[in-house]
Amino acid sequence: MIKLLCQRRIPMMNLAICFRPIKHGFVTHAAHFAEEECVNYAGSSDVDSYAYASNLQQCVLHAEPIEGKALHCQVVKRGNCLDLFAFNVLLNFYVKSGFLSDACALFGEMPERNTISFVTLVQGFGEANRFFEAIELFRRLHREGHELNAFVFTTLLKLCVSMEMPEFGTSIHGCILKLGHDSNAFVGTALIDAYSVCGIVDVARDIFDGILLKDMVSWTGMVACYSENDCCREALEIFSKMRNAGLIPNNYTFFSILKACVGLEEIGIGKSIHGCILKTRYELDNYVGIALLDLYTGCGDIRDAQWVFEDMPMRDVISWSFMIARYAQSDQSEAAIDMFYQMRQAFVIPNQFSLASVLQACATMGSLFLGKQIHCHVMKVGLNTDVFVSNALMDVYAKCGVIENSEALFVDAINKNDITWNTIIVGYGQSGDGEKALTMFVNMLKQEVMPTEVTYSSALRACASLAAMDMGMQLHSFTVKMKFDNDIVVGNALLDMYAKCGNIKDARLVFDMMRKRDEVSWNAMISAYSMHGMGKEALKIFQSMHDSCFKPNKLTFVGVLSACSNMGLLDEGQAYFTSMTRDYGIEPCIEHYTCMVWLFGRLGKLDKAMELIAKIPFEPSVMIWRALLGACVIHNDVELGRVAAGHVLNMEPQDDATYILLSNIYATAKRWGNVAHVRKTMKKKGVKKEPGLSWIEMQGVTHYFTVGDTSHPDIRLINGMLESLKIRTNREGYVPNCNVVLLDIEDDEKERLLWLHSERLALAFALIRVPFGSPIRILKNLRICADCHATLKVISKIVQREIVVRDINRYHHFQDGACSCGDYW
């Protein structure tokens with residue numbers, strides 16, 4: 001409004017104003033300039049307000065605060081005799097120059113004020129985020145009886161949006177309707193903007209329809225409203241009506257409609273609009289250029305995005321940062337880093353967003369060296385305190401295995417947001433330290449930082465790694481209270497947590513209650529059933545996945561083939577292995593071959609297992625040879641076992657499990673000399689056997705047991721329970737399998753040692769402390785032995801309890817004298 005007033009044709013006096021470079025301080029220069037003004041105006045006794053206003057407006061346009069203040073000095077010396085129009089221009093000068101305190105002082109000294117005076121100062125308060133003072137000034141405007149015109153309402157509505165309280169717009173809307181300003185294009189567009197921020201699209205459309213003379217700004221506001229609120233189809237329709245009305249879109253219109261195309265993933269329509277942009281020459285506008293980049297990268301067409309980027313006439317830090325971010329987010333980390341190099345060569349200074357994006361690329365690639373270099377640059381330019389950069393650095397160090405650096409950055413971070421906490425929690429989880437991850441989650445709650453779906457999913461995965469079901473169930477309650485349980489990522493984490501904590505029933509319940517499922521959901525359920533020895537159920541889920549039109553991926557077939565190998569389903573396993581390549585075009589990876597080698601080997605078809613290994617198109621991994629070695633132990637094939645063990649030890653010379661399995665093969669064959677040689681080799685190479693360990697979680701406390709452990713506070717009660725179980729199992733016809741004790745000792749001593757196994761100690765403690773009716777869940781770091789497996793089946797029948805044991809390979813559910821694995825393990 002002020003600009004329009006100042007553009008009027010007014011009589012101008014000949015002002016020989018001399019603008020000179022600043023050579024002194026602010027006050028000195030202003031005083032010197034004022035002296036020159038005195039000379040220039042000496043010939044006139046009357047003040048020409050329009051002339052002063054015109055020159056003040058030039059000071060605003062050219063950002064010349066010193067000259068503007070000098071003019072004000074001259075006005076003061078001549079008696080402050082400006083008219084209201086010129087005073088308003090002077091007030092606008094102080095507001096636009098950032099001298100808000102001076103603007104307030106001038107406002108208080110003005111001999112008279114009108115609506116423009118008040119609104120100008122309100123705008124100044126709004127730009128300075130002094131919102132309450134702005135609102136109070138509006139109230140004063142109303143109390144003093146000044147006109148409430150369109151200018152007032154548009155300013156007030158913009159103020160509400162800036163205050164992030166657009167809901168107040170409804171009250172203002174009522175006032176607008178009473179005064180009849182609702183059909184005004186400027187007021188209507190401001191209302192549309194306010195309702196758009198609130199997400200009330202229908203009311204915004206009613207306002208739009210009520211505008212009598214719709215201009216380009218009104219149409220653009222409605223297009224933006226639909227686009228910002230994910231009503232992308234409606235945005236395209238209103239854009240089409242606008243074009244039919246004969247209006248030519250501007251850069252803001254194109255930006256909004258391109259965003260709608262991204263939301264609909266309509267690359268074809270987007271390209272048509274791109275053609276319209278080329279015709280109107282708006283491709284030269286950086287605002288439109290960014291929208292085009294978003295269109296092509298959002299639809300996965302990085303090549304066309306690169307072309308758009310290269311054709312941009314002025315590539316500033318925003319466009320460079322955008323391209324780097326999109327490359328990093330689309331798993332093209334090397335291209336992101338290359339783009340960052342080009343940016344530096346173009347002498348464009350990176351900002352916090354470009355640095356955060358290139359650090360994301362470093363994290364994805366695991367490039368610690370480059371990450372450290374960028375960290376040094378961040379320190380040099382002083383962006384190390386920026387929360388986005390700090391979070392990205394933490395992620396780099398965490399994913400590169402240097403979690404202590406991430407921890408140091410977290411401690412030193414001045415500004416922490418939810419992403420900061422999520423990054424450190426995820427980092428601890430990925431480094432295998434679930435306990436620290438959960439501790440950090442608790443600290444996050446103490447600091448009253450609101451967890452997000454990423455937080456909950458990360459904490460649940462930490463619970464899964466620890467098999468901490470009590471904590472996992474508490475987290476489940478949290479997710480329900482916070483309404484995150486319907487989030488697909490959280491749902492997948494809940495499913496995984498229950499499955500890895502041994503509660504397959506609740507895992508299936510979570511799966512069935514999920515409103516939406518993705519490939520991860522189906523894969524998790526298939527793997528869960530496979531891990532729990534329920535191969536038939538796993539294959540049923542796979543069939544349901546196929547019927548639901550979800551395309552299986554590599555991980556899906558890992559779960560399916562694992563289920564077949566765990567249940568000994570040879571024909572089904574071979575059929576799925578063939579179908580994977582033939583029907584789905586998935587080339588087998590090392591995990592698929594490992595499952596098939598274990599399937600053949602566990603069934604005693606060791607020759608077929610070797611034939612398959614020979615056909616693998618790449619070098620067999622240590623997993624392949626370990627699977628073959630495990631099969632050789634079961635079937636007592638000493639020579640092939642020795643070959644498999646040799647391959648494993650060539651790759652991992654310090655692998656204690658391989659030495660133990662090789663020793664067991666020799667012991668089973670009564671080749672005690674070879675057993676002694678293996679033990680001697682282990683001692684010579686410094687390889688130590690991992691001790692057998694079982695543990696049980698109870699009321700948030702984990703109780704650990706080793707073989708023959710006597711350190712537990714309840715050891716007397718545990719020994720008493722073991723004696724009772726020994727007597728009762730013998731009555732049921734239990735006969736100890738002394739062959740599993742691979743020592744050259746008497747059978748009586750072997751039988752005594754069997755009852756000192758860690759899982760039996762944990763079971764005895766659980767029978768004492770876990771309430772009747774609750775399942776007993778025991779975790780073990782090694783494979784459960786054959787005698788303990790047989791004993792737990794008998795005990796489950798005697799005590800009428802469900803006993804779940806997770807060993808290094810899988811879960812065993814013992815109930816009523818049977819195991820879920822069907823004794824095939």
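In this predicted model, the largest nonpolar core has 222 residues, and those with the most contacts inside it are Ile-257, Leu-293, Leu-475, Met-497 and Leu-628. Helix 5 (residues 84–96) supplies the largest share of this core, ten residues. A second, separate core of 32 residues includes Ile-696, Phe-765, Val-799 and Trp-825.

Two pairs of packed helices can be set side by side. Two packed helices are described by the angle between their axes and the distance between the axes.

| Helix pair | Angle | Distance between axes |
|---|---|---|
| Helix 11 (residues 185–198) and helix 13 (residues 216–228) | about 5° | 9 Å |
| Helix 33 (residues 554–567) and helix 34 (residues 570–582) | about 160° | 9 Å |

Because angles under 35 degrees count as roughly parallel, helix 11 and helix 13 are roughly parallel to each other. Their contact is made by Ala-185, Thr-189, Ile-192 and Ser-196 of helix 11, together with Val-217, Ser-218, Gly-221, Met-222, Cys-225 and Glu-228 of helix 13. The residues of this contact between helix 11 and helix 13 divide into five nonpolar, four polar and one charged.

For the other pair, the angle of about 160° makes helix 33 roughly antiparallel to helix 34, and the crossing of helix 33 and helix 34 is left-handed. Here Phe-557, Val-560, Leu-561 and Cys-564 of helix 33 meet Glu-572, Gly-573, Tyr-576, Phe-577 and Met-580 of helix 34 in the contact. The residues of the contact of helix 33 with helix 34 comprise seven nonpolar, one polar and one charged.

Key:
Residues are numbered from 1 along each chain as its sequence is written. This is a predicted model: local features need pLDDT of at least 70, side-chain atom pairs count only at pLDDT 80 or more; totals for chains, interfaces and linings use all residues. Side-chain values use heavy atoms; hydrogens and water are left out. Axes are lines fitted to C-alpha atoms, for helices over the stretch in contact, and angles run from 0 to 180 degrees between N-to-C directions. Helices (H or I, at least four residues) and strands (E, at least two) are DSSP runs, numbered from the N terminus. Angles under 35 degrees count as roughly parallel, over 145 as roughly antiparallel, 65 to 115 as roughly perpendicular and the rest as oblique. Contact means heavy atoms within 4.5 Å. Ala, Val, Leu, Ile, Met, Phe, Trp, Tyr, Cys and Pro count as nonpolar, Asp, Glu, Lys and Arg as charged, and the others, Gly among them, as polar. A crossing is left-handed if the near helix is turned anticlockwise from the far one by less than a right angle, and right-handed if clockwise. A nonpolar core is a set of buried Ala, Val, Leu, Ile, Met, Phe, Trp, Tyr and Cys residues joined through side-chain atoms within 4.5 Å. Buried means under 20% relative accessible area, exposed over 50%, partly exposed in between (1.4 Å probe, protein chains only).
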